[in-house]
Amino acid sequence: MEKKGVTRRQFLKYAGATAALLGLSESLIPQIAQALEELSSGKPPVLWIQGQNCTGCSVSFLNTNYPMAAEIVLDKLSVRYHPTVMAAAGDKAFGVLEETAKELAGKYVLVVEGPVPTAEGGEYCTFGLEKETVSFNGYQRRKDKPMTAWMEELVPGAAAVVALGNCASFGGIPAANASVTGTKAVQEIVKEIAKDKPVINIGGCPAHPDWFVGTVLDYLINKRVPELDRHNRPKMFFGKLIHENCERRAAFDAGLFLEDWNDDNPDMKLCLFKLGCKGPVTYADCPTRRWNSGVNWCVGANAPCHGCAEPSFYKDLSPLYEPLPEVHFAGLTPMVDTLGWIGAAATAVGIGAHYLYKQLGKKEPEGGES
Amino acid sequence: MAQLISIDPVTRIEGHLRIDVEVENGVVKDAWSSGTMFRGIEMLLKGKHPFDAQQVTERICGVCPLVHGTAASYNLDDALGVELPDNARIIRNLCLGANFIQSHILHFYHLAALDYVDVTAVAKYTGNDPALAALRDKIAALAKAGDVYPFLPRYESDDYVSDPELAAILVNHYVQALEMRKKAQEMLSIFYGRMPSFVGTVPGGVTVHPTVSNIAAFRARLNELRVWIDNVYIQDILTVAGVSAYAPFLTAGDSGGNYLAYGGFDQDSKGAEKFLPRGFITGNNVAAVGELDEDKITESVKYSWYKDEGDWLHPREGMTEPDVHKEGAYSFLKAPRYDGKPMEVGPMARMLVLAGLELSGKRKEKKLMPLIEKLGLASAVDACVQAGKFGILPRHAMRALECKLLADEMDKWLDELKPGEKIWDKKDIPGEAYGRGMVEGPRGALGHWIHIKNKVIDNYQCIVPTTWNAAPRDKNGNRGPIETALIGLPVPDPENPINVVRCVRSFDPCLACAIHVIHPEHNGVKEFRVV
Ligand code: SF4
Ligand code: SF4
């Protein structure tokens, strides 16, 4: 390692940052350093493909800090295919997918960004070319290859599949048109192709870079899929309600709510519940992790959490700027104003979410221990 | 003999794009641009609370969520009759500007540069700059391990920048640029909560008050970026443009001479004065900038996978019914036209409109032309004007010039923020109203239109920049701007059509943006409008 210009000290510092990212104890730093060291020598191959996506998760990935994007792409992983960054185009590009699937079967990690449309033989999302041809302006041109065909080719040989972002994990916005495009979440497709293939869902619209990088590092260090909740999301990132750790929780408990964005209350930031905050029903660690190098997060910007990490986002969480419906707690019928009082009285915050979901008439998502 | 070359996927862009070119005697004779992915976003909004539009339309594109959210905000402001407070107008401008900076840097270094620079040449670096030597060692180690992904494979070409010193500097900047664009994202996060998919605008204003500390945090990053843009980005553009092998790209890759800009960055509450002006140019006649008539926008679907009934309609009464089996169609993109003509949108369109207004004296305060002079680009611009052609290199250069103009101006906007004053104009949602929001995104002119009925969204539609640029042919057989730009480019080796992707990428296409409609019948929607 010294040969590569990295000192032991730097490396330990780096392992420390990784431990912090994963929320692990500092006592594990030597083990992490060792695992990272091993990693740098044999880099796991990654194929990163895109379906009905918006590339938001890739852009979000570029915002990673520990390690930096360039380090991950060059030193930690062998990113063989990623349509937004790779040099190759056309057959030079998709050829890499075909070769890797053959040569490294069982070894590569398949990252899928965006869900998979299945209607019309997969015509709603294609990339790369099939062997067969079609006629086109007087020529024979090779046919477009549907995303569904790529899934069939790449899933069986994947060591693990990572569904990155809410739409890959749960269908997200494109799945709201499932009646037209037949859009399915990645895990549904994988189930049809290789029943026991592990799929890790990393929610978020987009996914936080730490959620992705941390999951991949954890997988590489421990050589097993991390502990998942019942939506197959890593518990280390999606185990707690936003509302539980929110910096405005005291305002919520005191019944102090923001209703006009012109109200500036620097002493006690007002709770955003009345402006539609979905923090009470959303499992993610945004309040403590924050976004963009820790600069800010949604509630920090005086805006409600929209619940973008939940399987129910967007459709079942609309209207986004209206408060969650009136809640009824154990025989009481309090208005939102008194909800803070109830919240304060409830011993476990999870109970609040449980009731909210009941009242919404929706299935409880249960990110972690509620 | 002529031959067809299909490039699919065109990588290092956003989304799913296939390009087919017919090549004869080593030159592109004809070209077809096809969008190959279809989602459906506007129609989700039918029946929804109008405020949801920003959060949903942001998800059209992860590279440009900010622009959609901003267009949606202006669209709603218009429908609700909002009087936007100055603080909100300025914060929106600052954040839009920060997004231009991150997007332009990302485009040049991470999406385009690998078409011009030979990464493998870095391994031969012999100088003693420690950063470059470290980079050399890294690349050499990767090459030795036989794993230079994702830089290889690639299209081979004998005109890559292969001087080890120069290549090392440029690749080092590629890595630096990752950090720089990340800083620009942090700037957005300061006022807007997070990126991508921000939360800080709402109809009527913004959610965060300007304070001494958030202004300072924003300015600190802006200053750092301004230094880097001046000393690195602009210089690298000049360097690449100065490589003699690339001289033909000054005029090669011209899109046909028509340019359209909606204008952006309102300087007053009415939006009468804009930092980037609106207007259009035809036939490369830069000195004659026309005044935009929004009614002249129509869309053709003759060659798109939509039923023909929707052909040649103004977006207001447009319709879209997918027909994936339609004979002769080859794209999920429609073909927007202005006054019947295809139009290039984006930095080149904006800068040429600005140049035209400065040259004709219609714009008093001159900013662009003096910058062009100062950087020694005047003769190159003259050469383009003489030839009546603006090609691949000007497209990259104009993007960088725009980035600098904006970054410098943003510093002044920061001074105009007034902590403690209003940031929101609260308005009730009307029973029925129409609205429109027309802004500029990094990739060009973006329009959102809304019809509110019974206090919910009845109809929502967007026409996005890439639909203009990557459009297929229209009912009159006119090619889209990218299709036209490809014709005449040299492709000496059909196995390595590098010039084709160089040209396409100079437009910075973003396909997720361009295809976002859905089938009306299955959703029980009678009438709706489009892409
Ligand atoms: S409702 Fe939202 S803003 Fe209020 S305390 Fe909970 S998470 Fe925070
Ligand atoms: S706070 Fe809520 S909306 Fe914001 S990123 Fe976290 S889960 Fe998504």
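A charge is said to sit over a ring if NZ of Lys or CZ of Arg is within 6 Å of the ring centre and within 35 degrees of the ring normal. In this predicted model, the charged end of Arg154(B) sits over the ring of Tyr160(B), and its distance from the centre of that ring is 4.5 Å. Chain B holds another such arrangement: Arg92(B) lies over the face of Tyr74(B), 4.8 Å from the ring centre.

Rings also pair with other rings. Two numbers describe such a pair, the distance of the centres and the angle of the planes. Over all chains, the count comes to 32 aromatic pairs. One of them joins Phe108(B) and Tyr233(B), with 5.8 Å from centre to centre and 35° between the planes, and this pair is tilted. Phe108(B) belongs to helix 3 (residues 86-112) of chain B, while Tyr233(B) belongs to helix 6 (residues 212-241) of chain B, so the pair ties together parts that lie 125 residues apart in sequence. Are these two residues buried or exposed? Both Phe108(B) and Tyr233(B) are buried.

In chain A, aromatic residues also form a cluster, made up of Tyr81(A), Phe94(A), Phe127(A) and Trp150(A).

The last stop is ligand 2. Among the residues that surround ligand 2 are Trp291(A), Trp297(A), Cys298(A), His306(A) and Arg194(B). Because the residues around ligand 2 come from chains A and B, the site is shared between chains. What classes of residue make up the shell around ligand 2? The shell has 8 nonpolar, 3 polar and 1 charged residues.

Technical notes: Residues are numbered from 1 along each chain as its sequence is written. Chains are lettered from A and ligands numbered from 1 in the order in which they are written. This is a predicted model: local features need pLDDT of at least 70, side-chain atom pairs count only at pLDDT 80 or more; totals for chains, interfaces and linings use all residues. Side-chain values use heavy atoms; hydrogens and water are left out. Rings of Phe, Tyr and Trp (its six-membered ring) pair if their centres lie within 6.5 Å; planes under 30 degrees apart count as stacked, over 60 as edge-to-face and the rest as tilted. Helices (H or I, at least four residues) and strands (E, at least two) are DSSP runs, numbered from the N terminus. Buried means under 20% relative accessible area, exposed over 50%, partly exposed in between (1.4 Å probe, protein chains only). A residue is near a molecule or strand if one of its heavy atoms lies within 4 Å of it. Ala, Val, Leu, Ile, Met, Phe, Trp, Tyr, Cys and Pro count as nonpolar, Asp, Glu, Lys and Arg as charged, and the others, Gly among them, as polar.
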